[in-house]
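Here are my notes on the model, as numbered points. They begin with the contacts between the chains and end with a single chain.

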2 protein chains.
Amino acid sequence: MPFPYNKLTDEDITYIKSVTAPERVVAGEAIQKEFYHDEMPEYGIFPPDLYVEALDREEVSAVMKLAYEKNIPVTARGAGTGLAGGATCKYGGIMLSLMKMNKIIGVDRQNLTVTAQPGALLTEVAEAAAEAGLFYPPDPGERTASIGGTVITNAGGMRAVRYGVTRDYVRCLEAVLPDGSIVNFSSNVVKNTTGYDIKDLIVGSEGTLCILTEVTLKLIPAPKVTQTLVLAFDNIADCIGTVPELLQTAFVPTAIEFVEKELMEIVERCLNKPFPVREGSDYLIVMYDGASREEVNEACELAAEIAMERGALDVKICNTPERIGSVWSVRAAILEGMKADSEAQEECDVVVPRAKIAEFVTAAQAIGRKYKIRVIVCGHAGDGNIHTEMLRNQMTDEEWETNTQACLKELYAKSRELGGQLSGEHGIGNGRLAYLEDFIGTRMYELFRSVKQAFDDKWILNPGKVVEIK
Amino acid sequence: MPFPYNKLTDEDITYIKSVTAPERVVAGEAIQKEFYHDEMPEYGIFPPDLYVEALDREEVSAVMKLAYEKNIPVTARGAGTGLAGGATCKYGGIMLSLMKMNKIIGVDRQNLTVTAQPGALLTEVAEAAAEAGLFYPPDPGERTASIGGTVITNAGGMRAVRYGVTRDYVRCLEAVLPDGSIVNFSSNVVKNTTGYDIKDLIVGSEGTLCILTEVTLKLIPAPKVTQTLVLAFDNIADCIGTVPELLQTAFVPTAIEFVEKELMEIVERCLNKPFPVREGSDYLIVMYDGASREEVNEACELAAEIAMERGALDVKICNTPERIGSVWSVRAAILEGMKADSEAQEECDVVVPRAKIAEFVTAAQAIGRKYKIRVIVCGHAGDGNIHTEMLRNQMTDEEWETNTQACLKELYAKSRELGGQLSGEHGIGNGRLAYLEDFIGTRMYELFRSVKQAFDDKWILNPGKVVEIK
């Protein structure tokens, strides 16, 4: 392995300017500080040596050819909205921004797909689909994410209960390999057994195997009707216990989100967004959508019935765009609210089997108490992907560090005990790397390293993420 | 690469008997001839040196440890129903049958999954799901396939239009790596971003990366109502032209199969299974299922309307189990019928974008005429996966060989031109290997080889399939 990497020479920089454009290349101190980290600066602040904006696949390829020849690390960057410390230059080198490669190439109505460059925003892709009367379901909270970023991290989000995650919508990819080769993984076909399924391996590989230059995504007919319910409980056991019952009816909910009152109060206090339900302490926000008003009404009525039997204090049905909007805008503001209400955050993003959600939530709260960490549990209850948020308030650096690490260690052990995984949707990046090998075992970690080697024999692409370089 | 492989010694065989059982180990000439090939003997007849039946993961692991140490090839074998020449001992060595690892471990109603050993039959898994009131959708024609075989080849089948392929139902896998390590790929969770998505890479890897020892598959609520339509046309253009129109309605068909009259006559003549529609020359068999009779009726009426506008001669609605059964049993008998009606078969299993189906079918017929090969086009019109069947009758070996190869070359070129792929569901195995590198390009083929190397550094697992050893 060719570590340590080489530093960029003046000659290298001149070459990169010649294959891109001088005004799209920034060196050293002049690089904006926002590019030193993603949405979780807690997971590392790393200055790139060179910041380059690419305009097309040929520029990406030309930069990679140089990097490969000269043994220089390259990290591709989208909108920087990741939550794993993924899109950062941990070992310096080049940050290659794809945000100027932001065209929506088009919606293909016959094949029911949309094709876009990686720097197009998720919200723009969703709008393009909607304009064609179609629907792009994946919706992580952050809609200003780049579409390439959502693919390379396999973004999940709220609608995964019914519609699945980003991977389920990736029809084919165009990418540049570490040596600069431009390749396609699959094509616009609905099934494919032409050798190894590299496409699905690339989805979620966090920029460590190749750089995306074009994505083609599956669309579905848009649901015609949508409704949201808020189910309010006065204890967590009944609240979470309702989830498996909702999942066993004939109506598949689009989303089932769990939030505690404390979190809603934080969002109201810090961001002035009031939650429309006052009663209770533990809430499920449940969305149904479907082809007809009758079907959705029937689903909501059944869900309300189940909740009341489970002891819900209140069931609020939101059936106007305004009411629905007010509930989901509070949900969407959670991360921002927590950032405003604490000095630092740490997060556990495990996923457990759906049958084990209640057990994990109860354990997570107990673990928080044990280590005197302010812990808020929330997230995608419907698919077992529970976000345990740890908030820092008036603690010394040492206390925060020691206690969050001890907390995380126990949370991960609990997840593994329950048949869960380390990360449900945010990925490994740099932030969870220290916990990975222990979680998946040494043989599997070795296999991950072999896979990295198979794509990136010089280990120059986003090094030190997912797997460590040494 | 450690080629050539070593031959098994008497000592090796004694050891294998000691870690399995003497009555489950057969050597040399005593091995049954059926294990020399799969359902396509045209793709190679290769005698194993040793045939071993494993009972559990530990036995598989013990055999692999020996093979790894001694550098002996191993090919795992399920029911042998593959159509790519995949499960054969191309370089001799050990054939490791998994057919005695055939337990259905159980249906998990809370997580909506079924867990089975790889040698359980697809039909048994489907029955176990049905007994629990649930549904396992993947249904390649061959229901006596082993469930492990369907996973490792990513079997497709008729219902893929609505429900997707086997990969879409694989929740997690247990497998043995070439060095004998027992590992798990994911767990019973509905989303997972814990590092590289190895699970999806394994699905469809045709036994070249690891040996499956347990599979956990997603189930869905069973549809309550199902109906089948036969749409009869007197020309192929109108027939195939109807497909995209059916796909653009709000009702997603479960299956859309295309068959020609000639094929139905073969099945009737050779297997005495009459097709219940007499009029017309080109047929679509369309299945709808859903939650209510009204929904399915509405879907069928709309499909019938579309077909009549497109010039259908007749629309037959099959709404009793007997009528539905009679249509699908004819469809299921196609392969058997063709085998009875010709001396040998060759097959092209390309998949093209759905918008290009008609263009491909027309081209395929012209290519067959050009090379004087009796060509029958049939298959999964709804997902662009067209099977072009070539039947041998009264040709010399040389004519057959030359003409089918020329035919295939043109068919693959056409598929690529239309944005299609080499194989839609049958895989590469040994039978399509000669065409792969040309189709996907040298850089991608190299990448496939690197992936193989990452898992199987001694290239002992099912060598010479998907990628060649040298």
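1. Across the interface of chain B and chain A, 32 residue pairs are in polar contact, counting pairs with both residues at pLDDT 80 or more. The model is a predicted one, and these contacts should be read as such.

2. Which elements of chain B supply at least two residues each to the side that touches chain A? They are β9 (182-185), α6 (198-202), α14 (433-440) and α15 (442-455). With nine residues, α15(B) gives the most to that side. By residue type, the side of chain B that touches chain A divides into 28 nonpolar, 29 polar and 14 charged residues.

3. Side chains of opposite charge can pair when their charged atoms come close. Between chain B and chain A the count is nine salt bridges. One of the pairs is formed by the side chains of A:Asp197 and B:Arg167, with an N to O distance of 3.1 Å.

4. On extent, 71 residues of chain B are in contact with 71 residues of chain A. The size of an interface is often given as the accessible area lost when the parts come together. Here the area buried between the two chains is about 5600 Å², and carbon and sulfur atoms give 60% of it. Within chain B, the residues that lose the most area to chain A are B:Lys191, B:Thr193 and B:Tyr196, which together make up 18% of what that side buries.

5. Over all chains, a search of the whole structure finds 63 salt bridges. Among them is a pair within chain A, where the side chains of A:Lys7 and A:Asp49 meet at 3.3 Å, N to O. This pair links distant parts of the chain, 42 residues apart. A:Lys7 is in the segment before α1 (10-19) of chain A, and A:Asp49 is in the loop between β1 (25-27) and β2 (50-53).

6. For chain A, an unreviewed UniProt entry carries the annotation "domain: FAD-binding PCMH-type" over residues 44-222. In the model, residues 44-222 of chain A are 22% helix and 25% strand. The end C-alpha atoms of this stretch are 40 Å apart.

Key. Residues numbered from 1 in each chain as written. Chains lettered and ligands numbered in written order. Predicted model: local features only at pLDDT ≥ 70, side-chain atom pairs only at ≥ 80, totals over all residues. Heavy atoms only, no water. Contact = heavy atoms within 4.5 Å. Buried area = accessible area lost by both parts, 1.4 Å probe. Salt bridge = Lys/Arg side-chain N within 4 Å of Asp/Glu carboxyl O. Polar contact = N/O pair within 3.5 Å; in protein donor to acceptor, adjacent residues only side chain to side chain. Helix = DSSP H or I, 4+ residues; strand = E, 2+ residues; numbered from the N terminus. Nonpolar A, V, L, I, M, F, W, Y, C, P; charged D, E, K, R; others polar. UniProt positions renumbered as here; feature names shortened; annotations may be inferred.
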